[in-house]
Amino acid sequence: MHIRPLGIIFSLLVASTPSLAQSEPTTEFWPSPWGAGGANGWDDAYARAREFVSNLTLLEKVNLTTGTGNQADLCTGNTGSIPRLGFRHLCLQDGPVGVRYTDLNSAFPAGINAAATWSRSLIRRRGEALGAEFRDKGIDVLLGPVVGPLGRDPAGGRNFEAFGPDPYLAGVGVAQTVEGTQSSGVIASVKHYILNEQEHFRGSISSNIDDKTMHELYLWPFADAVRAGVGSVMCSYNRINNTYACENTYVLNQLLKNELGFQGFVVSDWGAQHSGMISALNGLDMTMPGDGVRNSTYGSYWGGSLTEGVLSLAIPPFRIDDMAVRIMAAFYKVGRDTKQVDINYSSWTNETFGPQYWHSKTGNTTVNKHVDVQGDHAALIREMGAKSAVLLKNTDGALPLKQPASIAIIGEDAQDNPDGPNACVDRICNIGTLAMGWGSATAEFPYLISPATALGKQAEADGTVFSNVKSNWDLDAARAAASNASTAIVFVNSNSGEGYDTLDGNFGDRKNLTLWNGGDELIAAVASINPNTIVVIHSVGPVLIDHVKIHPNVTAILWAGLPGQESGNSLTDVLYGKVNPQGRSPFTWGKAAGDWGITTLVNSSTQQPQQDFAEGSFIDYRYFDREEIEPSFEFGFGLSYTNFTYANLIVTPQDVGPYQPASGFTEPGPTFGRINMDPEAALFPEGFEKIPGMIYPYINRTDIPWDIETPYAAHNRSAQPILPAGGAPGGNPELYKVVYAVSTDITNAGELDGTDIPQLYVSLGGPTEPKVVLRGFEEVELKAGETKTVVFNVTYRDISNWDTAAQDWKVTSEPKTVYVGASSRDLRLQADL
């Protein structure tokens, strides 16, 4: 065995210069920053994690970081365990709307619905309830919430999982969800980091972006998640500037772990790891599902391969220690050591008895205990479904309904799926009412209340004559029902999902923004007959409905999104005025497909498609504003059954002093415990019985290669400089100092109690900046005639731009203006800052 100096050959890897977005940045960032703890529970969590990891062997540390294989155990994702210390393997499970692959769980409204409430309290309560259900199923890591995709492309297949294309709104949504989830004792894993903005080519596409756009748009909500204390971040499938996200030193080491001060662990999306030693050095802490590497010694990039990497010194001991400490710190921060219960379900079968190790069909036992975790969450789901509904049109008080003489419910989207709400695996179908998109972000419905069912019950209670046309295609029946009803309600939808399957020609991403299943023709047929036609839309995002908006016989339009299991009840509450709508659109509705300025990349002549984010930060309403495009309905728009007025805008500067960039150095890279560097100690124990298909940390040879080339800088454990924009989780604490308090009076000028969502926008000035950007909102409940004063806190971050030269946030010399209004285009009050 020949050992070279320092035990290894080092070579500095520098990225080649790519097209647009490969042009910045071009350097690599090493070493991978080591966790340091911090406020809000991190210091205590790190103290406990370091003590725990100090007692681990190398094999045990590797076992924490490596998934044991696809379907190798009960959960979607499973790490190795530490039997010597009685430490169970970690259980990771989808997803953002409920526990996937189980029974007796709830099906919550989608992320886009949560955003449409513009309610911090509701979003947090949703996170708490989700966390409680995952906790009580025995799950350690909830794979959610989602802020990637952000929503650059309105046709993006997974946009509905997230909180909309505005970074401020998305940041509030993700922070509240993280805090709620983790308060219930489960680690949240915010995903997908970063720039995974379409499903076509998601495993190979390079999202090419400049540094300024990255900070001001896509990184913004992830910073809010980190500041909220998120325990895990999932890296995405795509490349960023031609380097895969899960081995990209710019996004993992520089941005996430250094600048944003992330203290938790980075886990790969399933199969998103593309290298062994490099991904570890470049910032990945846990790989999932752990297997899938063909024709390799260990069937995994890590497992035994990672053990060999440490023994050969290709991976420095401080790096494997940091990986383990980060995982355990997240574990302790949310209290998993006191809140963990046995895993009581299997992701792979609904049967009570079956194999624990599904891949190998071994270990027969009780795998599903059918634990009911729903609690009282149905009431929250119903409330959120109602309060996320956005009233887009309401002519002459068509809504709320007041015991109409007769009502016709028309359209397949109002109906039950005749085979049941879970008939289609991962919801990959569009039969009956749409209450959930498709893909891994799904859960089994415990039940689904269809609109036809709920409205039928209401009609019966009111003595209203009720008719129900179940088909979208029998236009004669639709017209006949409409002609005999005082009110006709037409239900239409538009679906999307994850790009591992195609539905009606839509490969995850929507192939167009029109209504599905002949929805436009159905509306036209009914509206041609009935002068009081109400349209209800269940959709994953915006659809092209300007022709519906201007139709004189369409008296009301209501967007209900993807409301979850209480869909029909939530909708009935709004239609009949039991809930005064407070939803505001979390995206812009254009009149034509080209209005957003973005086109999904669906064809490529290369195996590594290039997608340049040349529009910079001009997406959604920012693009509409710059190009002076009139939308059908703007971002932040939503009607109420009452009216609100705004007055008395006052701006009060706060004496917080000038912004101070972060400075100083970290502590040197620490190690914990001792590593036995003898390869003999890492061999499979004699007589060890492997579970077929399971990934293990053991090695099967002692002649480990010693000449693996890895970057010299990745082995540097000396104290590292703190970046100017860094210094704490979420970035420099100076960014979050309040520099202005902006107050205004909101009055309910109508006759009904209601909730308003006043919104604060800021113009950052300058010819290349958006006209306005959202920087605040509040949820204000007002009785009829009541006035309340609302105060918005504007931070240094809110009025800053990213300075690429200084690598920090700076307030430019351009004039700044603050606006308060009811939407991005209904700006009623303004003042200079």
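**Helices, burial and disulfides**

Reply: Let's start where two helices touch: Asp211, Met214 and His215 in H6 meet Tyr250, Val251, Leu255 and Glu259 in H8. "Meet" here is contact, meaning heavy atoms within 4.5 Å. Helices are DSSP runs of H or I with at least four residues, strands are runs of E with at least two, and both are numbered from the N terminus. Before going on, note that this is a predicted model, where local features need pLDDT of at least 70, side-chain atom pairs count only at pLDDT 80 or more, and totals for chains, interfaces and linings use all residues. Residues are numbered from 1 along each chain as its sequence is written, and side-chain values use heavy atoms, with hydrogens and water left out.

Me: How do the residues in the contact of H6 with H8 divide into nonpolar, polar and charged?

Reply: The sorting rule is that Ala, Val, Leu, Ile, Met, Phe, Trp, Tyr, Cys and Pro count as nonpolar, Asp, Glu, Lys and Arg as charged, and the others, Gly among them, as polar. In the contact of H6 with H8 that gives four nonpolar, one polar and two charged.

Me: At what angle do H6 and H8 pack?

Reply: Helix H6 (residues 211-218) and H8 come out at about 55°, their axes 14 Å apart. Under 35 degrees is roughly parallel, over 145 roughly antiparallel, 65 to 115 roughly perpendicular and the rest oblique. H6 and H8 are therefore oblique to each other.

Me: And is the crossing of H6 and H8 left-handed or right-handed?

Reply: A crossing is left-handed if the near helix is turned anticlockwise from the far one by less than a right angle, and right-handed if clockwise. H6 passes H8 in a right-handed crossing.

Me: Can we try that reading on H13 and H18? Which residues meet there?

Reply: Ile381, Arg382, Gly385 and Ala386 in H13 meet Asn569, Ser570, Asp573 and Val574 in H18. That contact divides into three nonpolar, three polar and two charged residues. Helix H13 (residues 377-387) and helix H18 (residues 567-575) pack at about 50°, with 8 Å between their axes. H13 and H18 are therefore oblique to each other, and H13 passes H18 in a right-handed crossing.

Me: Could we zoom in on phenylalanine 222? What is it in contact with?

Reply: Phenylalanine 222 is found in helix H7 and is buried, with a relative accessible area of 1%. Leaving aside neighbours within four places in sequence, phenylalanine 222 is in contact with Val147, Gly148, Val190, Lys191, His192, Tyr193, Ile194 and Leu260.

Me: Where is asparagine 159 found?

Reply: Asparagine 159 is in the loop between strand E4 (141-142) and helix H5 (167-183). At 11% relative accessibility, asparagine 159 counts as buried. Not counting residues up to four places away in sequence, asparagine 159 touches Pro149, Gly151, Asp153 and Pro154.

Me: Last topic: how many disulfides does the structure hold?

Reply: A disulfide is a covalent bond between the sulfur atoms of two cysteines. The cut-off used is a pair of cysteine sulfur atoms within 2.5 Å. The structure holds three. One joins cysteine 75 to cysteine 91, S to S 2.0 Å. Cysteine 75 lies in the loop between helix H2 (58-65) and strand E2 (77-78) and cysteine 91 in strand E3 (residues 91-93), so the pair ties together parts that are 16 residues apart in sequence. At -105° about the S-S bond, the link of cysteine 75 and cysteine 91 is left-handed.

Me: What about cysteine 424 and cysteine 429: is their disulfide left-handed or right-handed?

Reply: The torsion about their S-S bond is about 100°, so the disulfide of cysteine 424 and cysteine 429 is right-handed. Both cysteine 424 and cysteine 429 are buried.

How values were computed: Buried < 20%, exposed > 50% of the residue type's maximum accessible area, 1.4 Å probe, protein only. Axes fitted to C-alpha atoms, helices over the stretch in contact; angles between N-to-C directions.
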